[in-house]
Amino acid sequence: GVTYWELRAGESKIHESTGAARLVETRGTFFEKGNPTLRFIAPQAVWRRKEGAISLKDMVGYTIAFERQARKKGGKFPASFHLSSVSSPQDGAWFHAQELFWSIQKRKIECEGGVRVHKGDIEIEAEKLVSDVGLRVVELLGSPRGWVGKTEIRASQIDLHRITHTLDAKGPVSILRDRAKVISDSLH
């Protein structure tokens with residue numbers, strides 16, 4: 001009775017023995033508490049019905065609040081996540097991912113294999129991204145490295161909070177600028 005996501009496809013094929021459905025020309029929406037939060041377009045998707053999981057290939061996604069701006073971009077997005085900042089005229093996010101995964105167990109989106117996130121003057125590179133479907137708290141894992149201007153931050157995990165415009169790094173954390181270096185257990 002709870003809607004987590006909705007998916008429409010131009011064509012689908014179900015493999016009965018595995019219970020997986022392969023879909024092409026897909027469009028869909030992720031929901032939280034019955035409200036749409038994130039829309040996506042993907043040329044390919046796989047829905048593993050028994051596991052309650054979907055994976056999307058070469059997809060473009062955007063928050064509902066950013067839908068009008070995302071449509072103006074014409075679908076040509078760089079392979080990265082763009083989150084609104086304090087100085088953004090509109091609160092929202094858009095992204096392009098080579099592969100994105102969602103499961104009923106975790107109820108989070110996951111993207112692996114190298115991720116770049118932009119938020120105002122912050123840029124972060126990581127091996128993996130995990131987030132709620134509203135992209136409100138974006139966790140960056142796998143030796144993330146971030147830059148705020150010329151200051152570099154290295155940590156075990158960096159969390160970006162899109163709504164509150166804050167960053168949390170979990171240690172060990174190294175903050176580097178020119179020849180100065182600060183080491184800490186955490187950073188906010």
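## The nonpolar core

A nonpolar core is a set of buried Ala, Val, Leu, Ile, Met, Phe, Trp, Tyr and Cys residues joined through side-chain atoms within 4.5 Å, where buried means under 20% relative accessible area, exposed means over 50%, and partly exposed covers the range in between (1.4 Å probe, protein chains only). In this structure the largest such core has 36 residues, and those with the most contacts inside it are Phe30, Leu100, Leu135, Leu140 and Leu160. Strand E6 (residues 93-103) supplies the largest share of this core, five residues.

Before going on, a word on the model: it is a predicted one, in which local features need pLDDT of at least 70 and side-chain atom pairs count only at pLDDT 80 or more, while totals for chains, interfaces and linings use all residues. Residues are numbered from 1 along each chain as its sequence is written, and side-chain values use heavy atoms, with hydrogens and water left out.

Leaving aside residues up to four places away in sequence, leucine 135 touches Leu38, Thr63, Phe81, Leu83, Ala93, Phe95, Ile109 and Arg162 (contact means heavy atoms within 4.5 Å).

## Overall build

The protein has one helix and 14 strands; helices (H or I, at least four residues) and strands (E, at least two) are DSSP runs, numbered from the N terminus. The radius of gyration is 18 Å, close to the 16 Å that the globule rule gives for 188 residues, so the protein is as compact as a globular protein of that length. Here the radius is taken over C-alpha atoms, and the rule is 2.2 Å times the number of residues to the power 0.38.

Along the principal axes, the C-alpha atoms fill a box of roughly 60 × 35 × 30 Å. Of the 188 residues, 43% count as buried. Among contacts between residues at least 6 apart in sequence, 40% join residues at least 24 apart.

## Aromatic pairs

How many aromatic pairs does a search of the whole structure find? It finds five, with rings of Phe, Tyr and Trp (its six-membered ring) pairing if their centres lie within 6.5 Å; planes under 30 degrees apart count as stacked, over 60 as edge-to-face and the rest as tilted. One of them joins tyrosine 4 and tryptophan 102 in a tilted arrangement, 5.8 Å centre to centre with 40° between the planes. Tyrosine 4 lies in the segment before strand E1 (5-15) and tryptophan 102 in strand E6, so this pair ties together parts that are 98 residues apart in sequence. Tyrosine 4 is partly exposed at 24% relative accessible area, whereas tryptophan 102 is buried at 2%.

Phenylalanine 81 and phenylalanine 95 form a stacked pair, because their ring centres are 4.4 Å apart and their planes are at 5°. Phenylalanine 81 sits in strand E5 (residues 81-83) and phenylalanine 95 in strand E6, so the pair links parts that are 14 residues apart in sequence. Phenylalanine 81 is buried at 2% relative accessibility, and phenylalanine 95 is buried at 0%. Tyr4, Phe30, Phe40 and Trp102 form one aromatic cluster.

## Threonine 151

Threonine 151 belongs to strand E11 (residues 151-154) and counts as buried at 18% relative accessibility. Its side chain makes a polar contact with the side chain of arginine 177 (3.3 Å). A polar contact is a pair of N or O atoms within 3.5 Å; within protein, one must be able to donate a hydrogen and the other to accept it, and residues adjacent in sequence count only if both atoms are side-chain atoms.
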